[in-house]
Amino acid sequence: MKRRAVFAVAIGLCVAIPAHAVAAEKYQVYLSPMPFNDATQPIMQGKGTATATLEGDTLSISGTFAGLTGPATKARLAVSRGPGIPGTFLIDLILTGDVTGKVTGRTKLDAGQLAALRSRKLYIQIDTEKMPSGHLWGWLLEEHDIAGQDVPERGSWYLPPFAVKTK
């Protein structure tokens, strides 16, 4: 008899929990200068971080940046063919500050954009006066542990699959 009561309570709890109560998906972003080479290195300084949370089909982004060599002018969420590959812009993000500041945004994603997020194809781009085609870039990757600088790692470490179809 006790088993039936426990089973009934368990079923009741499952039914009572709404579908939207599923745990939110967490993503993190490391914003760095890109493309970084000998020619752009003197003017492309700075870095930043951001987090993104997906609840249902709504993506919320919050991040900070610092150390830019010129004022930030625009921040956008974009989709590409894969990490490290420039793509097309989806939405403008809210940008506050100049050489140091914050970036935030919230948007609903359609099925294709959700698939792009989960396959590491969405990124944040921050433009500056000196680099209007992108100064800091960072791809949204699943939340993962980050080892500190010069901290040895044992075993495997986080490296998402970078396979990208060319055609």
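Predicted model: local features only at pLDDT ≥ 70, side-chain atom pairs only at ≥ 80, totals over all residues.
**Exercise 1. State how many helices and strands the protein chain contains, and in what order they run.**

Solution. Step 1: The chain has two helices and nine strands.

Step 1: From the N terminus on, the order is α-β-β-β-β-β-β-α-β-β-β.

Step 2: Of the contacts between residues at least 6 apart in sequence, 62% join residues at least 24 apart. Contact means heavy atoms within 4.5 Å.

**Exercise 2. Identify the residues with the most contacts inside the largest nonpolar core, and the elements that supply at least two of its residues.**

Solution. Step 1: Buried residues make up 32% of the 167 residues in the chain. Buried means under 20% relative accessible area, exposed over 50%, and partly exposed in between, with a 1.4 Å probe and protein chains only.

Step 1: The largest nonpolar core has 24 residues, and L59, L77, L117, L122, I124, I126 and L140 have the most contacts inside it. Strands β1 (25-33), β2, β3 (58-66), β4 and β7 (122-128), together with helix α2 (111-118), each supply at least two residues of this core. A nonpolar core is a set of buried Ala, Val, Leu, Ile, Met, Phe, Trp, Tyr and Cys residues joined through side-chain atoms within 4.5 Å.

Step 2: In soluble globular proteins, nonpolar side chains tend to be buried together.

Step 3: Not counting residues up to four places away in sequence, L122 touches residues including L59, L77, L117, W139 and L140.

**Exercise 3. For the salt bridges E25 with R118, D57 with K108 and R76 with D127, explain which parts of the chain are tied together.**

Solution. Step 1: The structure holds four salt bridges, among them these pairs. A salt bridge is a side-chain nitrogen of Lys or Arg within 4 Å of a carboxyl oxygen of Asp or Glu.

Step 1: The E25 and R118 side chains meet at 2.6 Å, N to O. Because E25 lies in strand β1 and R118 in helix α2, this pair ties together parts that are 93 residues apart in sequence. E25 is partly exposed at 25% relative accessible area, and R118 is partly exposed at 40%.

Step 2: For D57 and K108 the distance is 3.5 Å, N to O. D57 belongs to the loop between β2 and β3 and K108 to strand β6, so the pair ties together parts 51 residues apart in sequence. D57 is partly exposed at 31%, whereas K108 is exposed at 57%.

Step 3: The closest N and O atoms of R76 and D127 are 2.4 Å apart. Since R76 lies in strand β4 and D127 in strand β7, the pair ties together parts that are 51 residues apart in sequence. R76 is buried at 11% relative accessibility, and D127 is buried at 2%.

**Exercise 4. Decide whether S80 is buried or exposed, and find the backbone oxygens that its side chain reaches.**

Solution. Step 1: S80 lies in the loop between β4 and β5. Its relative accessible area is 9%, so S80 counts as buried.

Step 1: The S80 side chain reaches the backbone oxygen of G82 at 2.8 Å and that of I85 at 3.1 Å.

Step 2: Leaving aside neighbours within four places in sequence, S80 is in contact with I85, P86, G87, K121, Y123 and W139.

Note on methods: Residues numbered from 1 in each chain as written. Heavy atoms only, no water. Helix = DSSP H or I, 4+ residues; strand = E, 2+ residues; numbered from the N terminus. Polar contact = N/O pair within 3.5 Å; in protein donor to acceptor, adjacent residues only side chain to side chain.
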